Every structure is written in structure tokens, then in C-alpha cells.
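Have a go at each task before reading its solution.

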Amino acid sequence: MGHEVHLPTLDRLGVDDPGDACIEDVATTWFSAFSKATQENDVSAVTTLFTDDGSWKDILALTWDLRTLVGKQAVTRMLIARLPASALTNLHLHDDTFRVPVLQRPWTDLVFLRLHFGFNTKDGQGTGIAYLVPLPGGDWKALTQFPEKVIGALRYSIPNHGTWVEDRESELNFPNNDPTVVILGAGHTGLEIAARLKYLGVRTLVIDKQTRIGDMWRYRYKSLCLHGTTCFRATWPTYMPAPKLADWLEAYAHFLELNVWTSSTITKTTWNEDTKTWSIEVSKGTSETRILTARHLIFATGYGGHPVSPDIPGKEIFKGITIHSSNFSSAAKYTAKKVVVIGACNSGHDISQDFLDRGVDVTMYQRSSNHVVSQKAASFLLGEDFKEGFPTDLADMNNASWPGLVSRLLQKRKVAKVVATVDKELYDGLARAGFKTNLGPYDAGIVPLVLGRSGGFHLDTRTGKHIINGDIKLKQGSRIECFTEKGLKFADGTELEADLRGFRYGVASKVGEIWGVDEDGQLMGAWKNCGHEGLWFGIGSLSISRFHSAHLAMQIKAIEEGILKRSEVVF
């Protein structure tokens with residue numbers, strides 16, 4: 001049973017808009033009380049500073065976990081168990097340009113005072129964000145609290161005279177077969193985790209089956225650009241072409257001196273409960289087999305599993321070609337006159353557009369409704385901090401600071417506004433064309449789809465208009481019954497002729513609960529203890545992995561240094 005969470009509207013709080021309140025005085029007064037209470041381990045005094053339905057979203061700071069505590073009772077239980085053990089000291093407000101306390105009004109009936117602060121625990125440094133809301137009588141209390149452990153400077157200061165090449169070769173080859181961590185997958189997630197671990201001094205090896213780093217993007221369909229905006233330098237394209245991302249990943253691994261074995265596969269793993277180590281058999285290249293012993297194994301293989309196409313009767317009589325999107329490179333390779341693309345999410349749109357651009361008669365088959373976001377609306381939904389000139393790491397932190405359940409309610413408002421304004425013409429046009437849309441789970445759009453099924457949405461850059469005007473034909477609603485010699489027959493009795501039929505299909509494989517969110521709105525399984533000692537999962541987009549790779553690396557480093565003992569972190 002999930003928690004019932006509401007947005008703290010002014011009406012619900014029973015107050016008027018405070019106007020231009022003295023932000024600095026309010027922030028200083030609240031934070032002074034918070035600092036005093038935490039350093040004195042006065043749990044009752046701490047929780048008095050929260051609203052009754054307030055949340056504490058903790059990233060390693062007190063719990064050594066990624067946890068969200070919803071409601072004063074849950075926050076109290078955690079603080080009783082973890083506040084004295086964490087020994088918070090040196091609490092201080094940040095007042096630099098990007099972190100000065102600020103009054104935010106995302107909507108006319110919502111007012112938040114956001115403040116950033118720093119602190120120390122017995123194990124290291126941390127940083128945090130609090131969101132305060134106004135109450136009757138001029139008081140302000142915390143709706144949410146977000147403390148996070150951080151990593152300091154990592155520059156290597158000892159000069160290397162004449163031995164760098166030999167040292168790199170030895171580091172890369174692991175002649176003693178003893179990496180502390182083995183990562184499966186050299187995509188952006190695996191490489192980011194490897195970089196974090198390397199510069200924390202943890203010996204790490206990445207295994208990837210591709211010939212070159214980046215090949216998983218280099219050999220996708222040629223028209224592929226990332227559908228999400230990127231936070232690279234201002235000279236980079238907003239929507240990065242896949243080959244450019246592939247080259248960037250390869251360069252990233254090279255210049256950060258990450259240890260990656262390409263053309264290699266893990267063929268067998270065994271966990272030794274006595275030694276708390278993995279035995280990992282690796283087929284390296286074409287002729288060499290290595291047996292590695294590691295304390296940690298990380299899966300960084302992406303959202304999905306192996307490509308799966310639906311089992312449709314009659315495939316053997318179809319005289320055309322069938323191809324899965326994972327094997328599709330370019331419409332230029334095919335001489336088909338008529339094409340059916342099965343699937344209406346990002347890849348389905350891209351492939352349909354590719355065929356249309358080459359003058360092919362293309363029909364998109366939509367199995368179920370999609371959530372659609374235009375390029376213009378995406379920037380509004382992404383958040384105000386992801387913009388030129390704003391530090392990306394701070395934007396990531398601000399974005400992650402909202403508890404999942406509160407973020408869902410804020411996104412619900414944003415989605416409703418977008419569909420009624422910015423994307424109204426797009427949604428109305430798609431409806432006229434018969435393309436079915438939805439507002440996403442909880443009417444909260446793309447975020448719960450990404451954190452849930454990792455699909456069911458489309459970020460529209462140009463294909464929507466071609467569906468609306470009929471350049472890309474649409475078949476919707478009726479299930480596929482069977483193949484015919486010339487195409488596909490549907491349950492409603494209609495048929496579509498095709499020379500080529502492409503599937504945009506996928507399947508997610510799970511080991512326990514390693515994705516999705518729990519009743520507190522917290523991401524499950526990934527980036528944290530998954531329940532099996534020494535086994536980890538890193539999953540996510542560029543932004544998710546950029547942010548959480550540090551947290552996974554810090555947990556492993558703390559375990560290796562004897563700082564983190566799971567049995568001692570109980571509440």
C-alpha cells in the first residue's frame with residue numbers, strides 16, 4: 001500500500017503567499033535549529049522542524065543506502081538508529097551564486113524555500129538540500145531533506161618518469177588475475193562506474209563483447225540520435241548522433257586510462273561464500289581464457305535483454321523480409337516498396353522516418369497507446385537547471401533532491417500543462433490521425449515510464465507531423481493474427497502488404513527487483529545493495545548514470561576500507 005502524499009499548496013497549508021519574505025533570515029533561523037539538533041543527536045528536535053508528511057531522501061549520508069523515508073514516523077525511526085552513529089558536524093549553509101537560498105514558485109499556489117548546505121560525518125563529507133514551506137504564524141518547516149555523501153578532489157600528484165607505458169600495460173592486463181571489481185558492459189554506465197572506482201583507488205576491469213568501445217552505438221541504425229538532451233560542452237549538438245557518442249565513449253576510456261577488455265565475454269561466474277569472492281571465467285579474444293578472482297561484480301548492460309520478436313503464425317509463407325531494429329542499419333540497404341514497422345516508440349519512429357526520407361511507402365503499427373513529448377516540451381519537463389551556464393553536477397543534484405512521490409505530483413502538473421499548451425497541436429493532430437496517446441503512469445508523463453518499464457514513450461523531433469499528415473500511415477488497435485504471402489493479416493480482417501517488416505520489440509530481464517520504484521517512490525535494486533553480497537547493478541540514462549555512478553563507487557570503496565559493514569547499518 002503506497003503512501004498518500006499531497007503537494008503543500010498554500011490552501012492546504014492554510015497560508016497566503018508570503019511574498020518576498022526575508023529569505024536569508026528564514027533559511028538561517030531554520031538551519032541553525034537543524035544544525036544544533038542534529039549535532040546534539042536530538043531526534044525530537046530535528047523532526048519538529050519537518051511537516052507531518054515530510055520526507056528524508058538519503059543517499060549514503062546516514063543510511064549508507066539510497067533510501068526515502070516518507071512521513072515523520074519513518075524519519076524518526078531512521079534518525080534514532082542512524083543519527084548518533086553518523087556523528088554529523090560542521091553543518092554550514094552554502095551561499096555561492098548557484099546554491100544561495102532561493103524562494104521558488106513553480107506554480108501560483110506552491111512556494112518553496114530551497115537551501116543548500118554542507119556537513120561532515122565520521123566517514124566523510126556530505127552536501128544536502130532542504131525545501132521549506134510556509135506555515136501559519138510565519139513559521140517555516142521542511143517538506144523534504146536530501147543529504148548526500150560526496151567525493152573530493154582526486155588528482156594524482158606523483159610524477160611518472162619513463163615507465164608510464166609499461167605501467168599502463170601491466171595495469172590493463174591484470175597479470176595476477178586480481179581485479180577488485182569486474183564490470184560487465186563498456187557502455188556509458190560501465191565506463192562511468194569504472195572511472196569513479198579508478199580514481200578512488202579501486203582496481204577495476206571492464207569486460208565487453210564488442211570489438212571496440214562504443215560499437216554498441218556505432219552499429220545501430222545510422223539515423224539514430226539520442227532522444228534526450230545532453231549536458232556536454234556548448235559546442236556539442238543537443239541531440240547527439242550515435243556514432244559521435246560511440247567515439248566519445250572510446251575517447252573517455254582512453255584518456256581516463258580505464259581498464260577495458262574488448263572482444264571478451266564472461267562465460268562463467270561462481271560466488272564463494274567462504275571467501276566472499278567471485279570466480280569469473282573470461283573468454284578473452286579468440287584464444288585466451290582467464291580465471292579472475294574479484295570481490296565485486298557489476299552488471300552494466302543496459303535496460304533490456306536480448307532482442308525478442310513476437311511469434312506470429314505463418315512467417316514461413318511470407319515472401320518479404322523481416323528484421324529486428326537491433327539488426328537494422330539503414331533504409332538505404334533495402335529496395336522494399338512497402339514497409340510495415342511494428343512498434344511506435346522511439347526506434348519505431350526513427351526507422352519509419354528513415355524509410356519515409358527515402359521515398360518508401362511506410363506504415364507504422366501501434367500496439368498500444370504511447371506517451372509523447374515534443375522537443376520543445378522536453379526542456380520544460382527536464383527542469384530549469386539543465387541549461388547553459390549552470391553546473392551539470394549541481395543540476396543533477398537539484399533534480400534528484402525531490403522525493404519520488406513529490407516529484408511525481410509535480411510532474412503530473414507539468415504534463416497537464418504541456419499537453420494543454422505546448423503540445424496541444426501535436427496531441428490533437430495525432431488523435432485525428434488515430435494515434436493513441438496517454439499521459440503516462442499516474443498522469444505524470446515520461447519519468448515514471450523511464451523508472452518503470454523503460455519504454456512506452458516517444459520524444460518527438462519531427463516524425464509526429466508526418467503521422468498527422470498521413471505521410472507515415474498508421475495501423476492501430478487490432479492485434480496481428482498471422483502472416484500472409486504479401487504481408488500481415490489482422491484480427492479485424494484487414495491486411496497490410498509489405499516487402500519488409502521491421503520489429504521494434506524488446507524484453508527486460510530482471511533478477512529480483514532491480515528496477516522500478518517502491519511504495520516510497522525510491523528506485524529499487526540498482527546502484528545499491530541488491531540483496532546479494534558483492535553483486536551490483538548499474539542501470540540508467542546518461543544523466544542517471546552520471547549521478548549515481550559516484551554512489552555505487554563510494555559504497556564499494558567504503559566496503560573495501562572496512563568503513564561500511566551492512567550488518568551494522570540496521571533500522
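**Exercise 1: a helix pair**

At what angle do helix α11 (residues 392-400) and helix α16 (residues 542-560) pack, and how far apart are their axes?

Solution. Keep in mind that this is a predicted model.
- Step 1: Two packed helices get described by the angle between their axes and the distance between those axes.
- Step 2: For α11 and α16 the angle comes out at about 95°, with the axes 10 Å apart.
- Step 3: Angles of 65 to 115 degrees count as roughly perpendicular, so α11 is roughly perpendicular to α16.
- Step 4: On the α11 side, the contact uses T392, D396, M397 and A400, while α16 brings in S543, R546 and F547.
- Step 5: Sort those by class and you get three nonpolar, two polar and two charged residues.

**Exercise 2: an aromatic pair and its charged neighbour**

Classify the ring pair Y365 and F490, then work out which parts of the chain it ties together.

Solution. 
- Step 1: The ring centres are 5.2 Å apart and the planes sit at 55°. Stacked needs under 30 degrees and edge-to-face needs over 60, so this pair is tilted.
- Step 2: Y365 belongs to strand β17 (residues 361-366) and F490 to strand β22 (residues 487-490), so the pair links parts that are 125 residues apart in sequence.
- Step 3: Check burial. Y365 is buried at 5% relative accessible area, and F490 is buried too, at 0%.
- Step 4: Look over the face of F490 and you'll find K475, at 5.0 Å from the ring centre.

**Exercise 3: burial in two helices**

Is D354 buried or exposed, and how enclosed is helix α6 (residues 188-198)?

Solution. 
- Step 1: D354 is found in helix α9 (residues 346-357).
- Step 2: Its relative accessibility is 7%; the cut-off for buried is under 20%, so D354 counts as buried.
- Step 3: Leaving out residues up to four places away in sequence, D354 touches S223, F328, S330 and A331.
- Step 4: In α6, 10 of the 11 residues are buried, so the helix is largely enclosed by the rest of the structure. The buried residues include the charged E192 and K198.

Note on methods: Residues numbered from 1 in each chain as written. Predicted model: local features only at pLDDT ≥ 70, side-chain atom pairs only at ≥ 80, totals over all residues. Heavy atoms only, no water. Phe/Tyr/Trp six-rings, centres within 6.5 Å; stacked < 30°, edge-to-face > 60°. Helix = DSSP H or I, 4+ residues; strand = E, 2+ residues; numbered from the N terminus. Buried < 20%, exposed > 50% of the residue type's maximum accessible area, 1.4 Å probe, protein only. Lys NZ or Arg CZ within 6 Å of the ring centre and 35° of its normal. Axes fitted to C-alpha atoms, helices over the stretch in contact; angles between N-to-C directions. Parallel < 35°, antiparallel > 145°, perpendicular 65-115°, else oblique. Contact = heavy atoms within 4.5 Å.
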